[in-house]
Amino acid sequence: MLSGPAGGVAGSRYAARLLGQGNLIPFDMGGTSTDISLIVDGEATLAVDRKVGGHRVALNSLDIGTLGAGGGSIGRVDAGGILHVGPESAGADPGPACYGKGGTLPTVTDANLVLGYLDPEHFLGGRRALDRKAAEAAVDGLAAQLKVDRIAAAEGIHRVVNTNMAEGIRLVSVRRGVDPRRFALLSFGGAAGLHVTDVARQLDLGRVIVPRVAAVLSAWGMLATDLRFEVARTHIGDTGQLDGAATKRLFAEMAAEATRRLRASFDGEVRLQRSVDMRYGEQIFEINVPLDGVDWDVADPLPQIVERFHDRHEALYTYALRGQDAVLVNARVAAIGVLPGLPQEPSLPAGRPAAPSGERRIHLGAWMSVPVYEFEGLAPGQAIAGPAVIESAMTTVLLREGDRAATTPHGWLDIAVTLRDGG
């Protein structure tokens, strides 16, 4: 479940190391959905208990939030005359109306084409032409229901889906006690580049990163992950009454078991990662507490574990109840088989800043002509001020007024977003 998006999280962890930016919000917008997660201090966050398709999954998993918001998400008007976008999707077949495969319903991709953000002759590097007239006809049908013109309807689709995604990021971050304004937004997936700076502005996020491998970052991330075998044991008890020596022995036994199972098929470097699920006595939910840095040579590690729990609770929920009993519920040990990472992303050779490859008329409140740049042709350190469009064969990035992109040594886009308060 969510194995594809998990590759995106792995790629985001690797990107965090490359960028020297430990706090990232991976923002993966594809054809049917948007997947959102958190990288905190360089590590992915885990969910202990989640639901997929209405079914409870009582195993640790990457904490990935999924929204029905993608390039194929359909715009519709409800009985009250309110515009909605998604979660229904045109999928890949027939897909958006502009694909020319028989689709007639207006989608996010159709709206982006009507607004000029996509080049109908440059889609997939020119291997597929988009049908602008079909997109216009689909958006016209929605416009008639809303009693507005074509451009207003297309802008409505674009604005609603951006707002939906911004709210999804707020839910994923604030639910974890995280202020998203302290994070940079890592944009990937084929559709994200046209929406990401507006989403960032809604969240008061001042920095957006777009990798050169944005359209395939989940696959790229699969090559940058490690093996992992996790052992968990229920070990319920008030930490003031648990036997510290027995707890220490339990972790040692779990570490041995996890290592033995991993060694059955792996002979490389092994790293151990310990954690516990804990709660205060009256709470009905637990939080996962990493135990990195705990001194396991002492006779009783419980006082250190309890203090880690208080600190973690305070980091997540802004308070700790150090006078209350702390209850340990589950002990966890992960044996991680460290695989060779991707080769260090090579720095691009220095070169002269690339000139625009052309101009395009786009609608950002009004029609305007903006420069178009080829993503792969940008030189390291090149700065581009919005409004502008940056294209590659697999994705398009829209810079709005006040956005300023700089090319990193690896050829990625590091975009500074001017916030509504001028920050």
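In the predicted model, the buried residues of helix H3 are Ala-135, Ala-138, Val-139, Leu-142 and Ala-143. These residues lie on the same side of H3, because the arc they cover around the axis is only 145 degrees. An α-helix has 3.6 residues a turn, so residues three or four places apart point the same way. Lys-133 and Ala-144, on the other side of H3, are exposed. The cover over the buried residues of H3 includes strand E10, strand E11 (83-89), helix H2 (108-114) and helix H4. The length of H3 agrees with expectation: at 1.5 Å a residue, its 15 residues should span 21 Å, and the end C-alpha atoms are 21 Å apart.

H3 (residues 132-146) packs against H4 (residues 150-174) at an angle of about 90 degrees, and the two axes are 8 Å apart. The two helices are therefore roughly perpendicular to each other. On the H3 side, the contact is made by Glu-136, Val-139, Asp-140, Leu-142 and Ala-143, and on the H4 side by Arg-150, Ala-153, Ala-154 and Ile-157. By class, this contact of H3 with H4 comprises six nonpolar and three charged residues, with no polar residues.

Strand E10, which is part of the cover over H3, spans residues 73-77 and contains Gly-75. Gly-75 has a relative accessible area of 6% and is therefore buried. When residues up to four places away in sequence are not counted, Gly-75 touches His-84, Val-85, Pro-106 and Leu-142. The C-alpha atom of Gly-75 is separated by 9.5 Å from that of His-158, and the two residues are 83 residues apart along the chain.

Methods:
Residues are numbered from 1 along each chain as its sequence is written. This is a predicted model: local features need pLDDT of at least 70, side-chain atom pairs count only at pLDDT 80 or more; totals for chains, interfaces and linings use all residues. Side-chain values use heavy atoms; hydrogens and water are left out. Axes are lines fitted to C-alpha atoms, for helices over the stretch in contact, and angles run from 0 to 180 degrees between N-to-C directions. Helices (H or I, at least four residues) and strands (E, at least two) are DSSP runs, numbered from the N terminus. Angles under 35 degrees count as roughly parallel, over 145 as roughly antiparallel, 65 to 115 as roughly perpendicular and the rest as oblique. Contact means heavy atoms within 4.5 Å. Ala, Val, Leu, Ile, Met, Phe, Trp, Tyr, Cys and Pro count as nonpolar, Asp, Glu, Lys and Arg as charged, and the others, Gly among them, as polar. Buried means under 20% relative accessible area, exposed over 50%, partly exposed in between (1.4 Å probe, protein chains only). The expected span of a helix is 1.5 Å times one less than its number of residues. The arc is that of the directions from the helix axis to the C-beta atoms.
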